[in-house]
Amino acid sequence: MAVRKSNKLSQSAMLKQILKRCSSLGKKNNSYDDDENSLPIDVPKGHFAVYVGENRTRYIVPISFLSYPEFQCLLHRAEEEFGFDHDMGITIPCEEVVFQSLTSSMLGN
């Protein structure tokens with residue numbers, strides 16, 4: 001039972017790290033609100049940007065996606081492959097077609 005709690009805590013910590021990282025994206029960009037703690041103008045509240053595929057296409061996704069195990073798996077793979085400590089934003093290591101299919105199914109739920 002303690003192992004599950006430990007896994008849940010580490011998963012929770014990972015999601016908090018992701019949210020913190022998402023909220024700091026774009027601060028070096030000049031296209032953000034006057035409030036220096038805000039996101040870029042093109043990222044609505046409750047959303048964050050990810051970069052997907054070979055061409056690093058940018059997608060704006062709702063934070064609610066973080067509650068889906070499938071999306072958490074993608075983020076875990078992103079952390080393993082690229083890490084979260086860089087200025088490029090979160091890069092998701094999967095093909096765009098797969099990402100679009102996955103996110104479409106999440107929006108339909």
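Reader: In which loop is the place of Arg56?

Author: This is a predicted model, in which local features need pLDDT of at least 70, side-chain atom pairs count only at pLDDT 80 or more, and totals for chains, interfaces and linings use all residues. Residues are numbered from 1 along each chain as its sequence is written, and side-chain values use heavy atoms, with hydrogens and water left out. Strands are DSSP runs of E of at least two residues, and helices are runs of H or I of at least four, both numbered from the N terminus. Arg56 lies in the loop between strand 1 (47-52) and strand 2 (57-62).

Reader: What is the phi of Arg56?

Author: Most residues other than glycine have a negative phi. Arg56 is not a glycine, yet its phi is positive, at about 55°.

Reader: Is Arg56 buried, partly exposed or exposed?

Author: Buried means under 20% relative accessible area, exposed over 50%, and partly exposed in between (1.4 Å probe, protein chains only). With a relative accessible area of 36%, Arg56 is partly exposed.

Reader: In what order do the elements of the protein run?

Author: The secondary structure comprises three helices and three strands. From the N terminus on, the order is α-β-β-α-β-α.

Reader: Which element has the lowest mean pLDDT?

Author: pLDDT is the predictor's confidence in each residue, from 0 to 100, and the protein averages 74. Strand 2 has the highest mean among the elements, 93, while the lowest, 54, belongs to helix 1 (residues 2-24).
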